[in-house]
Amino acid sequence: QRARVADLRAALLNNATQRLMDDGRLDDAKALLALALDGAAGDTRAALLQNLANVAVAQAEKARKAGRLREARQYLQEAQATGTTSTTMQKQIAAAAAELDGQLAAQKGQEGGTCATLTTAQEQQRCFIAASQAYAAKDDVDAALAAVTDAVKAVDDSPENQGHNILLLSD
């Protein structure tokens, strides 16, 4: 009986969370999800954790668009910390983090050391492309071209490449 009541409570709070997200009230949505997690278990808890990660990713995107890159990276770390088991969500978080890392590294002129340490060639490539875009936005053509060259090299050197050389385009 308690589990059923907890699930019902979680469902109601989750529905309210969706409305808050639609209204752009991300902090309130996060607070409601934290409340909904109290007592939730099993599939309900997993869904709530994924939604909590969704909110953190939305907060990161909002901060990124406002130019607050460090804050955006912190939100992505929160999304990772939810422990969501959704492979799709984990990939989305990793891709967004790689792009932010590239933008942050470009601010310091350190994209080579930052991007090259990422786990997969795809993450490295996203990082270098984001750095290239950041340099291009500052009209630093040489640095932008160097970062694109590094993106191509990351793919060329990767074992998963298998002879393909496709650049990912950031959204």
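Modeller: A disulfide is taken here as a pair of cysteine sulfur atoms within 2.5 Å. The model is predicted, so local features need pLDDT of at least 70 and side-chain atom pairs pLDDT 80 or more, while totals for chains, interfaces and linings use all residues. Residues are numbered from 1 along each chain as its sequence is written, and side-chain values use heavy atoms, without hydrogens or water.

Colleague: How many disulfides does the structure hold?

Modeller: Cys-115 and Cys-127 form a disulfide, with their sulfur atoms 2.0 Å apart. Cys-115 lies in helix α6 (residues 111–115) and Cys-127 in helix α7 (residues 121–137), so the pair ties together parts twelve residues apart in sequence. The number of disulfides in the structure is one.

Colleague: Is the disulfide of Cys-115 and Cys-127 left-handed or right-handed?

Modeller: Cys-115 is buried (under 20% relative accessible area, against over 50% for exposed and in between for partly exposed; 1.4 Å probe, protein chains only), at 0% relative accessibility. Cys-127 is also buried, at 0%. The torsion about their S-S bond is about -70 degrees, so the disulfide is left-handed.

Colleague: What pattern does the protein follow along its sequence?

Modeller: Helices (DSSP runs of H or I, at least four residues) and strands (E, at least two) are numbered from the N terminus. The protein has eight helices and zero strands. Read along the sequence, the pattern is α-α-α-α-α-α-α-α.

Colleague: Leaving aside neighbours within four places in sequence, which residues is Asn-14 in contact with?

Modeller: Asn-14 lies in helix α1 (residues 2–22). Its relative accessible area is 17%, so Asn-14 counts as buried. With contact meaning heavy atoms within 4.5 Å, and neighbours within four places left aside, the partners of Asn-14 are Leu-33, Leu-48 and Asn-51.

Colleague: What share of the residues of the protein count as buried?

Modeller: The C-alpha trace spans about 65 × 35 × 20 Å along its principal axes. Of the 171 residues of the protein, the share that count as buried is 40%.
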